[in-house]
Amino acid sequence: PSKKVRHTGLNYYGITIIDSEGALVTYNIISSIVNVIKLSPKFLKFSKGYTYKFAEEQEKLIFQKYKVVDQFDQLKGCIKQVIDSNGQLYIVHLGI
């Protein structure tokens, strides 16, 4: 934002400011993700590699589908407020 140059995507380590135009894109992406998740089984299962040097197994992450969809729906509600704000609201993403 300090350079006043428009970019796409999220700054992994720094600040990203999302205006109403970017919020609309974000809303559409999240809506598409939710549509895919709704087609999945009741539990979402992910594997994640360990960061330990000698680990032989992968960490297993399991989420209930309805909880994931609910969280995305809450996020979509916040994003919708930005879209409908006529440029008065923004989303500030502070990286990870």
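Biologist: Does Gly9 count as buried or exposed?
Modeller: Gly9 has a relative accessibility of 60%, so Gly9 counts as exposed; the word exposed is used over 50% relative accessible area, buried under 20% and partly exposed in between, with a 1.4 Å probe and protein chains only. This is a predicted model, in which local features need pLDDT of at least 70, side-chain atom pairs count only at pLDDT 80 or more, and totals for chains, interfaces and linings use all residues. Residues are numbered from 1 along each chain as its sequence is written, and side-chain values use heavy atoms, with hydrogens and water left out.

Biologist: Where in the chain is Gly9?
Modeller: Gly9 belongs to the segment before β1 (16–18). Its C-alpha atom is 9.2 Å from that of Gly22, which is 13 residues away along the chain.

Biologist: How many helices and strands are there?
Modeller: The chain has two helices and four strands, taken from DSSP runs numbered from the N terminus (helices are H or I, at least four residues; strands are E, at least two). Along the sequence they come in the pattern β-α-β-β-α-β. Of the 96 residues in the chain, 19% are buried.

Biologist: How is a pair of packed helices described?
Modeller: By the angle between the axes and the distance between them. Here α1 (residues 20–37) and α2 pack at about 160 degrees with their axes 9 Å apart, the axes being lines fitted to C-alpha atoms over the stretch in contact and the angles running from 0 to 180 degrees between N-to-C directions. The two helices are therefore roughly antiparallel, a term for angles over 145 degrees.

Biologist: Which residues of α1 and α2 meet?
Modeller: Among them are Leu24, Tyr27, Ile30 and Val34 in α1, and Val68, Phe72, Leu75 and Ile79 in α2. Contact means heavy atoms within 4.5 Å.

Biologist: How is an aromatic pair read?
Modeller: From the distance of the ring centres and the angle of the planes. The structure holds two such pairs, where rings of Phe, Tyr and Trp (its six-membered ring) pair if their centres lie within 6.5 Å. In one of them, Tyr12 and Tyr13 have centres 4.9 Å apart and planes at 90 degrees, so the pair is edge-to-face, the term for planes over 60 degrees apart. Tyr13 is exposed at 69% relative accessible area.

Biologist: What is there to note about the phi of Asn86?
Modeller: Most residues other than glycine have a negative phi. Asn86 has a positive phi, near 55 degrees. Asn86 lies in the loop between α2 (65–83) and β4 (91–93) and is exposed, with a relative accessible area of 71%.

Notes. Phe/Tyr/Trp six-rings, centres within 6.5 Å; stacked < 30°, edge-to-face > 60°. Parallel < 35°, antiparallel > 145°, perpendicular 65-115°, else oblique.
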